[in-house]
Amino acid sequence: MIRDKISDVLDLTANAAALRQGFRRLGFAEPARAVANLEALTPTPRDTELLAPAWPRLAAELAASPDPDMALNNLERVASAADRAVFFRTLAEHPGAAQLIATIAGASQFLADTLRRRPSLFTWLLEPTTMRPWLAEELAADLAASLGPVSTRDARMNALRRFKYRHLLRIGARDLLGDADLIVTTEELSRVVDVCLGAVWQMAEDATRAQYGPPRDADGAETGMAIVAMGKLGGEELNYSSDIDLMFAYGADGETDGGAAGRLANGAYFERVCRAIVAQLEDVTEEGSLFRVDLRLRPEGRSGPVVLSLDGYRTYYRERAELWERQALLKSRIAAGDERVGASFAELARDVVYRPGVDPGIAVAIRAMKREIDRSVEAKGGEELNVKLGRGGIREIEFLVQALQLLYGGDDPWLRERHSLKAIFRLAERGYLVPELGRTLSHAYVHLRTVEHRLQILHELQTHTLPREPVELGRLARRLGFTGSPRVAARAFAAYHRGVTRDVHRAFREFFAEPEATSPRRLKPPSLVALRATGFRDPERARHNLKLVVEGRPLVPYAGAMREALERLYPALLDEIWKSPDLDEALNQFERFLAAAGPRVGLIELLAKDREVLSGLLRLCAGGDLLTQLLIAQPELLTSLVARTGSRIRREADFRVAFASVFAPGLTPGDRRDALRRVKQAEELGIVWRYLLSVTTIEGYSREMTALAEATLAAGSLLVLGPLVERHGVPRGSTGAFVPAVVVGMGKLGGRELTTGSDLDLFAAFSEDGETDGPERIEAHAFWSAVAERLSGALGDVTAAGVAFPVDMRLRPGSKGSGFASSQAALERYYEEWGDLWERQTLTRARVVVGDPRLARRIMRSLRRVVYGSPLPRTSLKEITQVRHRMEVELGKETPGRYHVKYGKGGLVDVEFLTQALQLVHGAENAAVRRTGTIPALVALGRAGALVPDTATAMADHYRVLRRVSAALRLLGARPADVLELAGPMPARVASALGYASRAEFLEDYRRRTGFVRATYKELLA
């Protein structure tokens, strides 16, 4: 629509009346001012001539911006400060320049002012290496480079301010363009603050130490100070104009060594450091300021000391702290300073916040705190306009989330998450929030925080209040992506926003509502004596769980139809639980599943009428925590499991069909990523369900998990390729032919031995060097590296829908010293010139899992030459055994009461290292042994005579059993994975899961098998 009207303003030399009419048709509110801006933008005929090629695209982008008038005005101001010829040429020639400048200029005055002060930043933004997420270490390196040329305090502080605004410009531009979601944006804003805090702390510390000498504790050891981030900075969810909430802690009391200004007690010394930090952060110069600091969350608030020792904090929180101070510590994080002091404070805070058991007074106290906030907001007026403190606002979500964390985080460490959005996900995943409510709160939180960001990005003001004036509200709506004129956009936004706040306030009100008197229960749990007699190890907890099943949790009310369904389910539930191999765990996890299922009567009805489904669910629940998380996240998947007990192993093609829904039309990129995760989780649940019901073996389970991983990689590749191809085109070689790529799987992925919780070890390779053919051309290496990096994020990043697969690319050629993709020539050169034996060994499991079939064959020929080009000399086996020994010592860490199934003596890695070593020795002459899977390789080695056949068979059998033990530990939620603690309940649970008659029988068999494996390993590799 806008492009149809561009013709009215295409002629830059038209008279003012024609231009005014054109600007009016484009939606400019002040056409006369727009004409004046255009005249100022092109003060000479030469300027008009230079702007003309860029003007059609530029005019369209300006008109589409949230505020076209502001955009054109800011464009003129930036041009006046820049070299017009270079600026206009860039707008004409760079495909992303017009959209970038119009988006910034029409949505953020303070970012536009940043560009006006430093026009060179515009070309910096257009560099591909700029517009991406920056890690903390990259920001630190950039800041160090900025501070390097200057030495005086004032010059260094101004360099810090320039660094801050440069990165705010980058982060804000990515946010406004839609290249970064809320989590990425808030985390990057927080990282910028962390890096600045570290620099300011170091300057203040160095200056104070020069005057008074180093501070020491009572034992004479040096002590340091940590900067504790609180609030949104602590949660790594900072706004564009947030105050930064800080506390300061030092290690121990004592005295400094003394210096030019004498000696000081440690408390006085660190107070000077802290006051210097605050002053430097808040000082305003011609370069602006760094950050406003709020210290009111410290003990005693404004009247308390600026800094306390660790013992001072312990005493205060033990004797005097109120609930709101515990609540504030939920988000505490060490942002800078002494790492040892920081670690001690973090441990202290964890103990203060998270206490075992459930305190019912927490909800009452938080409800009272919220009432006080409501009164304060109402007294100031405009409650309905405040997106943070108003009804249905951000604070209500935060209070609800934090109440649940305080209630249950003491017993469930997974809930100890500082970031509100990630905490909502964890609460929903664990069953403390029903999935629908978790999704509602997640979407509401993203919406409200985005509104807050768009309010603050305009003028860098700390505001949370929606504009009252319709046109201003409409401009805000357009900054949020609502289309139409300001008044149309305002109405659409207002309706959507009312719906969001209504949902939030309903959830908040229902959770914090005063408890109502309930009618006496008709369902009564069995007595403690009866529960103990039927085999419960913890009858009190079992009775409590049964009570929760009957009554429900605060956020999952059971009433009416739900109660009737539960009454039908209850007798069958007791009967099936008593048949379970682990009564306590089955009931505990079943209760959590039921809490997550919430008010969905259909699921209760299904369990009540179908004993087979109920029995299967309880067997799944008896498996432990990790298994039921998949169902807790999506309880509706229970119905789909009924059809997943067939005998045919599902293959990659089956899973690819399931992923078709990810690419349904109308989904946003974020929706597609969430859909990818949900499909993967649903399919994984079916795989686990079939394995637990003994429909598949451990090999079948792993083959299905590997096929699912390959299908997930294929779907993820399509997700990330689209935007990159649109921006850069496709890579082409010297002849113009397409440059294809493949993904090479390593480790368990390459060996088709994945289980639940496995990472995907992989790297990317492409055929030859070249360049893309799109609007923004980049080298083929950069293109495929970007694909690999984004693929890792698409699968491994935590979103409201969870994680697909964690991706590990550390085994790629060159590892950290290289990009994320290598050409075939570079790959061959690396392994020929630099590859170590351990890398050659890892390549025994290399297998192309996704990509161009022809290139896959060439890559595999290259890798086989590396691995099997010549036999490994027997003398090199010592190097392999040395690596294995280090893994056993450093990673296995076995003791008489602690076995490590993977890295311990006779564990999985013994079998794998033995197999891979023999493959390296014999694979050059016998292609049959070049198998990527351990068991197929053992069988082939036995047939080839490299292993005594009976030994090969025995090793394969032991490996199979050890893999079942490893899978059981993972599925039972052992922490850390693959570790068997003899003193705990895990041996008995594993024994039950694997069908052993007793714990003792299982442990005896485990010792026998690992003993055989270790003896064989030593005999053949010694």
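**Close-up views of a predicted model**

**View 1. Contact between helices H44 and H46.** Thr951, Ala954, Met955, Asp957, His958, Val961, Leu962 and Val965 of H44 meet Phe1002, Tyr1006, Arg1008, Arg1009, Thr1010, Phe1012, Val1013 and Thr1016 of H46. The model shown here and in the other views is predicted. H44 covers residues 949-971 and H46 covers residues 999-1021; the two helices pack at an angle of about 135°, with their axes 10 Å apart. H44 is therefore oblique to H46. The crossing of H44 past H46 is left-handed.

**View 2. Contact between helices H42 and H43.** Helix H42 (residues 908-922) packs on helix H43 (residues 934-944) at an angle of about 50°, and their axes lie 10 Å apart. This angle makes H42 oblique to H43. H42 and H43 cross in the left-handed sense. From H42, the contact uses Val911, Glu912, Thr915, Leu918 and Gln919; from H43, the partners are Thr934, Ala937, Leu938 and Leu941.

**View 3. Strand S2 and its two partner strands.** S2 runs over residues 225-229 and is mostly covered, with five of its five residues buried. Met225, Ile227 and Ala229 lie on one side of the strand, Ala226 and Val228 lie on the other, and both faces are covered. S2 pairs with strand S3 (residues 244-250) in the antiparallel sense, over five bridges. Within this pairing, isoleucine 227 has phenylalanine 248 of S3 as its bridge partner. S2 also pairs with strand S9 (residues 333-337), again in the antiparallel sense, over four bridges. Here alanine 226 has glycine 337 of S9 as its bridge partner.

View 4. H8 (residues 97-107) is largely enclosed by the rest of the structure, because 10 of its 11 residues are buried.

View 5. Cysteine 196 is buried, with a relative accessible area of 0%. Its sulfur is 18 Å from the closest cysteine sulfur, that of cysteine 274, and is therefore too far away for a bond. The cut-off for a disulfide is a pair of cysteine sulfur atoms within 2.5 Å, and by this rule the count comes to zero disulfides. Cysteine 274 is likewise in no disulfide, since its nearest cysteine sulfur, in cysteine 196, is 18 Å away. Cysteine 274 also counts as buried, at 0% relative accessibility.

**View 6. Alanine 54 in the loop between helices H4 and H5.** Alanine 54 sits in the loop that joins H4 (45-51) to H5 (55-64). The relative accessibility of alanine 54 is 2%, so this residue counts as buried. Leaving aside residues up to four places away in sequence, alanine 54 touches Phe88, Leu91 and Ala92. For scale, alanine 54 and glutamate 540 are 486 residues apart in sequence, and their C-alpha atoms are 75 Å apart in space.

Terms used: Residues are numbered from 1 along each chain as its sequence is written. This is a predicted model: local features need pLDDT of at least 70, side-chain atom pairs count only at pLDDT 80 or more; totals for chains, interfaces and linings use all residues. Side-chain values use heavy atoms; hydrogens and water are left out. Buried means under 20% relative accessible area, exposed over 50%, partly exposed in between (1.4 Å probe, protein chains only). Two strands pair if DSSP finds at least two bridges between them. Axes are lines fitted to C-alpha atoms, for helices over the stretch in contact, and angles run from 0 to 180 degrees between N-to-C directions. Angles under 35 degrees count as roughly parallel, over 145 as roughly antiparallel, 65 to 115 as roughly perpendicular and the rest as oblique. A crossing is left-handed if the near helix is turned anticlockwise from the far one by less than a right angle, and right-handed if clockwise. Contact means heavy atoms within 4.5 Å.
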